[in-house]
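Hi there,

Here is the structure I promised to pass on. Have a look at it first, and then read my notes below.

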Amino acid sequence: MEKLEVKGLNHHFGFTEILRDINFTLEKGSVLSIVGPSGGGKTTLLHLCAHLLDVEEGEVKNSFESSSFAFQDARLLPWKNVIDNIALGLLADGVKKSEAIERSRTIALTFGLEESDFEKFPKDLSGGMRQRVSFARALVVKPSLLFLDEPFSALDIGLKKELQSVLIEMIAKKEISILFITHDLMEAIRLSDEILLLKADPGHIVKKFSYTLPQSERDDKYVYGESAKILQDAEIIDTFELELR
Amino acid sequence: MKFIIKILKDFPAYLWSGWGSIASIFLFIALWDMGNQLYGDLVLPSPLETFNTLWMMLHDEEVLYEINITLYRAAMGFGLSLLLGSVLGLLAGFFATASMMSRPIVTILVGMPPIAWIVLAMIWFGMGDDTVIFTVVVASFPIIFVGALQGTRTLDGDLNEMAKSFNLPWHMKFVDIYFPHIFSYIFPSWVSGLGMAWKIVVMAELLATSDGIGASLAVARSQLDTPTALALVVIMIGSLMFIEYIILEPLKREVELWRS
């Protein structure tokens with residue numbers, strides 16, 4: 001069984017303690033969200049899990065066959081056009097060039113990009129389109145584990161929903177497992193099987209919420225209802241410092 | 001291959017866009033002619049006379065021989081700077097200590113006037129090819145070095161992280177992530193290095209050798225042969241413009257299409 005296991009993870013930047021004693025397990029086919037205020041060490045945690053940072057203390061065991069990362073900013077290569085940007089991960093996996101291009105074109109179309117955009121460079125795309133390309137690049141390699149670092153935060157509501165529904169469809173087919181980082185509780189409730197609440201200074205997990213209703217059956221009413229419920233939670237109020245407002 | 005075809009395909013459109021530049025050159029020549037009418041032939045020969053002299057010179061084998069010598073020296077000097085500057089600049093860029101230490105040395109190299117180098121080179125190497133080539137290298141090497149250094153120092157850490165997340169193999173990292181970025185810095189530095197080399201070669205020749213375009217310029221000066229002097233200047237500027245606008249600029253446009 002593929003899974004991602006994090007045990008007793010601590011992390012420091014210099015003398016500043018960023019993360020303290022993080023433990024969780026992400027099973028195949030499930031979605032785990034880590035929510036918390038900005039600057040709470042969420043991105044560091046995700047980078048550690050994806051081995052973009054070296055683990056210093058504790059353990060990160062990743063037995064997933066493949067993984068890919070969608071960043072908060074699109075991080076496209078400015079000197080490559082849309083299709084070549086999407087194909088990057090495929091080519092790195094050793095897929096033949098012609099096949100990589102073909103698969104990239106197909107996925108670009110499902111992500112709402114148009115044929116006329118394919119030859120464009122990132123400078124000629126809007127922010128939302130760049131994010132679509134970045135998403136397509138992460139998903140075209142068919143990762144069994146997807147790392148998401150607040151990829152929806154800069155998008156308008158429509159596009160956000162569109163990309164989320166692509167993910168929900170994949171989740172329903174059990175094609176993908178997701179480790180998802182966000183500060184948006186509604187987003188987390190829409191997508192996750194489990195939500196971990198990360199409190200800052202240093203980042204440590206204070207509470208766990210579970211949702212069993214399949215993602216595809218969660219409608220707006222459900223999401224709003226659960227959001228309202230979770231916002232009453234004492235730990236949430238404390239972590240996000242909601243009282244001050 | 002596809003790339004070369006694309007350059008050739010876009011070339012006519014590029015040339016067509018040059019009418020504005022040509023108009024401005026003609027305007028300059030008109031001003032030049034006005035200067036001739038005001039100050040007379042000795043001070044400023046007319047463009048017509050200059051171009052006639054130029055035409056005659058280009059059919060004179062001796063002159064062609066001098067041009068060849070200058071071309072050889074400039075090419076040697078520039079080639080050496082290109083090689084040394086690019087390689088050392090890249091190396092220095094990859095190591096923080098090296099780039100920190102090379103900074104002041106580059107400032108000294110850039111700050112030292114070429115004319116001082118020529119005097120030193122004349123003492124060290126005597127009158128001849130070596131002096132000229134040395135001066136060219138000393139003048140254009142730091143420009144290219146700084147370009148390569150900057151290119152390497154400014155590599156984008158975010159893109160590097162992205163490359164890491166997709167497990168890009170090293171050759172893809174080099175070709176797709178590092179190279180285009182570094183090239184966008186190093187290529188303009190090659191262009192300015194070439195311009196510098198072409199200017200310095202003539203100056204060094206004028207002072208330190210008895211052949212080449214620079215030496216011919218010195219002879220024209222001593223004989224008060226203003227048309228020949230101006231024709232030589234036209235040769236220098238014309239060749240530089242040819243290299244820059246006909247060869248390098250179209251190349252640069254294709255390579256940097258992605259820039260905003």
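A salt bridge here is a side-chain nitrogen of Lys or Arg within 4 Å of a carboxyl oxygen of Asp or Glu. Please keep in mind that this is a predicted model. Asp73(A), Arg75(A), Asp158(B) and Glu161(B) are linked in a network of such bridges, and a search of the whole structure gives 27 salt bridges over all chains.

Two others in chain A may interest you. Glu2(A) pairs with Lys28(A), with 3.0 Å between the closest N and O atoms. This pair links distant parts of the chain, 26 residues apart: Glu2(A) sits in the segment before strand E1, and Lys28(A) in the loop between strands E2 and E3. Glu2(A) is buried at 13% relative accessibility, while Lys28(A) is partly exposed at 34%.

Lys207(A) and Asp233(A) also meet in a salt bridge, 2.7 Å from N to O. Lys207(A) is in strand E9 and Asp233(A) in the loop between H7 and helix H8, so the pair ties together parts 26 residues apart in sequence.

Now to chain B. Which residues of H3(B) are buried? They are Pro47(B), Thr50(B), Thr53(B), Leu54(B) and Met57(B). These residues cover an arc of only 125 degrees around the axis, so they lie on the same side of H3(B). They pack against helices H2, H4 and H11 of chain B, whereas Leu48(B), Trp55(B) and Met56(B) are exposed on the other side.

Finally, there is a nonpolar surface patch of about 700 Å², with Phe242(B) and Tyr245(B) among its residues. H11(B) gives the most to this patch, with six residues.

Best wishes

Key: Residues numbered from 1 in each chain as written. Chains lettered and ligands numbered in written order. Predicted model: local features only at pLDDT ≥ 70, side-chain atom pairs only at ≥ 80, totals over all residues. Heavy atoms only, no water. Buried < 20%, exposed > 50% of the residue type's maximum accessible area, 1.4 Å probe, protein only. Helix = DSSP H or I, 4+ residues; strand = E, 2+ residues; numbered from the N terminus. Arc of directions from axis to C-beta. Contact = heavy atoms within 4.5 Å. Patch = residues over 30% accessible without salt bridge, like charges linked within 9 Å, V, L, I, M, F, W, Y side chains within 5 Å. Areas by Shrake-Rupley, 256 points an atom, 1.4 Å probe, with all protein chains shown as cover.
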